Amino acid sequence: MKIDFPCVTLNDCIASDGSLRCGIKIQLKDAEVNIWIKPEEMDLFSEVATASWDERATIQIGSCFNAPVFWCSGADTVSILIGHDDETWDVSFTLPHSVIRDIQAELQTKKAEQAVHGNTH
């Protein structure tokens, strides 16, 4: 089976404090990152496209390595910045804008499934 990269999958998870999280797994050809978001952060992905790095605007969504994750857009890519602030992050990488569209599509599917099953995490 051929896998197109980047590949995005979402899974329901339970945080160490017992609260619900959605795990976003972004797989690249030679790397993988797992980002944990709270249910109330799901709708924030619609704002990433307007968070312009040229204007130093970022949207904080989720956590990774127990640090906040910041998202912003450039002309052709989305940047993910992992660290305690969006100026001096510890890990950063860029991905095509299609990744945000994939995440939004997965989240919409998840919301539709929750509505059908009466589960409103």
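**Close-up views of a predicted model**

**View 1. Cysteines without a disulfide.** Zero disulfides (pairs of cysteine sulfur atoms within 2.5 Å) turn up in a search of the whole structure. The structure is a predicted model, in which local features need pLDDT of at least 70, side-chain atom pairs count only at pLDDT 80 or more, and totals for chains, interfaces and linings use all residues. Residues are numbered from 1 along each chain as its sequence is written, and side-chain values use heavy atoms, leaving out hydrogens and water. Cys-22 is buried (under 20% relative accessible area), with a value of 2%.

**View 2. The largest nonpolar core.** This core is a set of buried Ala, Val, Leu, Ile, Met, Phe, Trp, Tyr and Cys residues joined through side-chain atoms within 4.5 Å. The core has 30 residues, and those touching the most other members are Ile-24, Ile-26, Ile-35, Ile-37, Phe-45, Trp-71 and Ile-80. With five residues, β5 gives the most to this core; strands are DSSP runs (E, at least two residues), numbered from the N terminus.

**View 3. The surroundings of Ile-26.** Leaving aside residues up to four places away in sequence, Ile-26 touches (heavy atoms within 4.5 Å) several residues, including Pro-6, Val-33, Trp-71, Ile-80 and Val-99.

Key:
Buried < 20%, exposed > 50% of the residue type's maximum accessible area, 1.4 Å probe, protein only. Helix = DSSP H or I, 4+ residues; strand = E, 2+ residues; numbered from the N terminus.
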